[in-house]
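Please look through the sequence and the coordinates below before reading on. The paragraphs after them take up a handful of side chains, one neighbourhood at a time.

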Amino acid sequence: MEPQRIRLTSDEPIALRPYRTSEKEQLEIDKQIEQMLKADIIQPSQSNYAAPVTLVYKRDDNTKSRFCVDFRKLNYVLKNDKEPLARIYDILDNLRGAEWFSKIDLKNGYWHIKIHPDDTEKLAFVTKNL
């Protein structure tokens, strides 16, 4: 599979300040960053881009947090793909009559998408300590 390209409508880098976090949240962010560095999921960078991070807590258990990068500003200047996703109502219509359903947690699903080397700088994030 070809690496994913990130094509933007502007060449101006998007760099935002980190979000404010409590000391407890920052410790969890730092811990998760260390885990991702050790797993070779992320790497240090000197990018002109910077998206803030936040922790999102699971609905079922308010103690388990997910490391999330807020790419909303980047998404605003993202060129849309020409292959739109299927409409949710069409998908639900196809499920009519189904007897079995499953639930899948794609917590780290996006970390597995290969990004083209020329575009990795656009995915940089910033935290209070970095």
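This is a predicted model: local features need pLDDT of at least 70, side-chain atom pairs count only at pLDDT 80 or more; totals for chains, interfaces and linings use all residues.

The relative accessible area of glutamine 26 is 5%, and because buried means under 20%, glutamine 26 is buried. Setting aside residues within four places in sequence, glutamine 26 is in contact with Thr21, Thr127, Lys128 and Asn129. Helix α1 also holds glutamate 28 and lysine 31, which lie 3 residues apart, or about one turn of the helix. These two side chains form a salt bridge in which the closest N and O atoms are 3.7 Å apart. Glutamate 28 has a relative accessibility of 22% and therefore counts as partly exposed, and lysine 31, at 46%, likewise counts as partly exposed.

Another of them brings together arginine 72 and aspartate 70, with an N to O distance of 2.6 Å. Here the partners stand on opposite sides of the accessibility cut-offs, because buried means under 20% and exposed means over 50%: arginine 72 is exposed at 60%, whereas aspartate 70 is buried at 14%. A further salt bridge links the side chains of aspartate 119 and lysine 122 at 2.9 Å, N to O, and in this case aspartate 119 and lysine 122 are both buried. Aspartate 119 and lysine 122 also belong to a network of salt bridges that includes Arg5.

Helix α2 covers residues 72-76 and includes lysine 73. With 52% relative accessibility, lysine 73 counts as exposed, yet lysine 73 still touches Ile14 and Leu16, when residues up to four places away in sequence are not counted. Lysine 73 can also be placed relative to alanine 51, from which it is separated by 22 residues in sequence and by 8.2 Å in space, C-alpha to C-alpha.

Which residues make the nonpolar surface patch of about 640 Å²? The patch is made by Ile88, Tyr89, Ile91, Leu92, Leu95 and Phe101. Of these, phenylalanine 101 is placed in the loop between α3 (88-94) and β3 (125-126), and its relative accessible area of 58% is why phenylalanine 101 is classed as exposed.

Notes: Residues are numbered from 1 along each chain as its sequence is written. Side-chain values use heavy atoms; hydrogens and water are left out. Helices (H or I, at least four residues) and strands (E, at least two) are DSSP runs, numbered from the N terminus. Buried means under 20% relative accessible area, exposed over 50%, partly exposed in between (1.4 Å probe, protein chains only). Contact means heavy atoms within 4.5 Å. Patches are made of residues with over 30% relative accessible area and no salt bridge: like charges are joined within 9 Å, nonpolar side chains (Val, Leu, Ile, Met, Phe, Trp, Tyr) within 5 Å. Accessible areas come from the Shrake-Rupley method with a 1.4 Å probe; for residues, only the protein chains shown count as cover. A salt bridge is a side-chain nitrogen of Lys or Arg within 4 Å of a carboxyl oxygen of Asp or Glu.
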